[in-house]
Amino acid sequence: MTATKGYAAHDAQTALSDFSFERREPGPHDVAIEILYCGVCHSDIHQVRNEWGNSIFPMVPGHEIVGRVTAVGAHVKKFKAGDLAGVGCLVDSCRTCSQCQAGEEQYCETGSVGTYNSRDYAGNVTYGGYSTNIVVDENFTLRIPENLKLEAVAPLLCAGITTYSPIMHWKVSKGQKVAIVGLGGLGHMGVKFAVALGAEVTVISTSDNKAADAKKLGATNFVNSRRPEDMEKYRNHFDFILNTVSAPHSYDSLLPLLKTNGSMVLVGAPPEPSQVVGFNLILQRRTLAGSLIGGIKETQEMLDFCSKHNIVSEVEVIPVQQINEAYERMLKGDVKYRFVIDIASLK
Ligand code: NAP
Ligand code: ZN
Ligand code: ZN
């Protein structure tokens, strides 16, 4: 067992603080990783505060992990000590169901194992990347491109794949009109991917102070969703809307902006149920859909795409001791555009 220092939520109400625990010894198929950076996802806040009702405490959050391999098991083929490595939202799945066979472990019919706030198949609680090291099966470990800034790569492991996967699945392509709703950690990656694929991108935001950044990221248009008269100009306009909003809001204000046969895909996951006026779907044969992270194969493909197109996240690096303040700032939309923890602050 390896002694590990982490930062944990001990219950849904109090601030995160120091927490020591042990990682398993690497088995024959395992990779041991010294964590260097870990991104901060809004899903960390939802789970730390038990907003989805499934929290296990103490909880060490973090599923945007990059670091260096320190040791590998005897049967490991893809990694050796000294390599860069990444871990995203998944650390295991059944590997036999049709979804796992198709490389879409996130939809594993048995239930995949999350990097934190989950239980592995032996029943042990998983602990995430707000910690000094992690041990993961090589099949769930990602190769990290050497040409990108490491701290800016970390958010690709969740924010990157969660936006890349639906953009690919719904075949966003050159010349299409795409809207990204919410310019946060996920949203800014969605803009970068859609722009890289040649789409004409509009950011739909509640924050006027992000308009200049939206343009810098490559968006053509910026609309404030709190001004209905501006939203009205985009009625029947978009082929595809990627909705990354973390808080309850009206889907009915967005659906009419889709043209005939257009799709709005939810990746943002506010816990509250929403209502939808059926006619907003019926009238133009519109689709409302959802998408969960992405499988390991596609995550590697996304990292390689980022390496080729020089795409990384815009990050603000913080010591772990600032995490509670960082959560408060995220809730106010005050981060450009992803906090990343420098794990050296834990050592
Ligand atoms: P984030 O960085 O906090 O960004 C969320 C953005 O939503 C904010 O920047 C803000 O953008 C917008 N927003 C917030 N409150 C709003 C409101 N009341 N009305 C309208 N817009 C609002 O969060 P994130 O890390 O990108 O995560 C976004 C959501 O995706 C979270 O719910 C997270 O749990 C979920 N998620 C889902 C998956 C998946 O697999 N589906 C994976 C990862 C994360 P503006 O300032 O531009 O309005
Ligand atoms: Zn996430
Ligand atoms: Zn499976």
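Predicted model: local features only at pLDDT ≥ 70, side-chain atom pairs only at ≥ 80, totals over all residues.
Residues are numbered from 1 along each chain as its sequence is written, chains are lettered from A and ligands numbered from 1 in the order in which they are written, and side-chain values use heavy atoms, with hydrogens and water left out.

Donors are N, O and S atoms within 2.8 Å of the metal (3.2 Å for Na, K and Ca); water is not among the atoms, so sites may look incomplete. C100 and C108 are buried (under 20% relative accessible area, with exposed over 50% and partly exposed in between; 1.4 Å probe, protein chains only).

The zinc ion (ligand 2) has C41 (SG), H63 (NE2) and C158 (SG) as its protein donors, at 2.0 to 2.2 Å, with the spacing C-x21-H-x94-C along the chain. H63, in the loop between helix 1 (42-48) and strand 4 (65-72), and C158, in the loop between helix 3 (150-153) and helix 4 (159-169), are 95 residues apart and link distant parts of the chain. Helices (H or I, at least four residues) and strands (E, at least two) are DSSP runs, numbered from the N terminus. H63 and C158 are both buried.

In the whole structure, 17 salt bridges are found (a side-chain nitrogen of Lys or Arg within 4 Å of a carboxyl oxygen of Asp or Glu). One of them joins K192 and E314 at 2.5 Å, N to O. K192 lies in helix 5 (residues 185-196) and E314 in the loop between helix 9 (296-309) and strand 16 (315-319), so the pair ties together parts that are 122 residues apart in sequence. K192 is buried, with a relative accessible area of 13%, whereas E314 is partly exposed at 34%.

A further salt bridge connects D208 and R227 (3.2 Å, N to O). Both residues belong to a network of salt bridges that also includes D230 and K233. D208 is partly exposed, at 40% relative accessibility, and R227 is partly exposed, at 31%.
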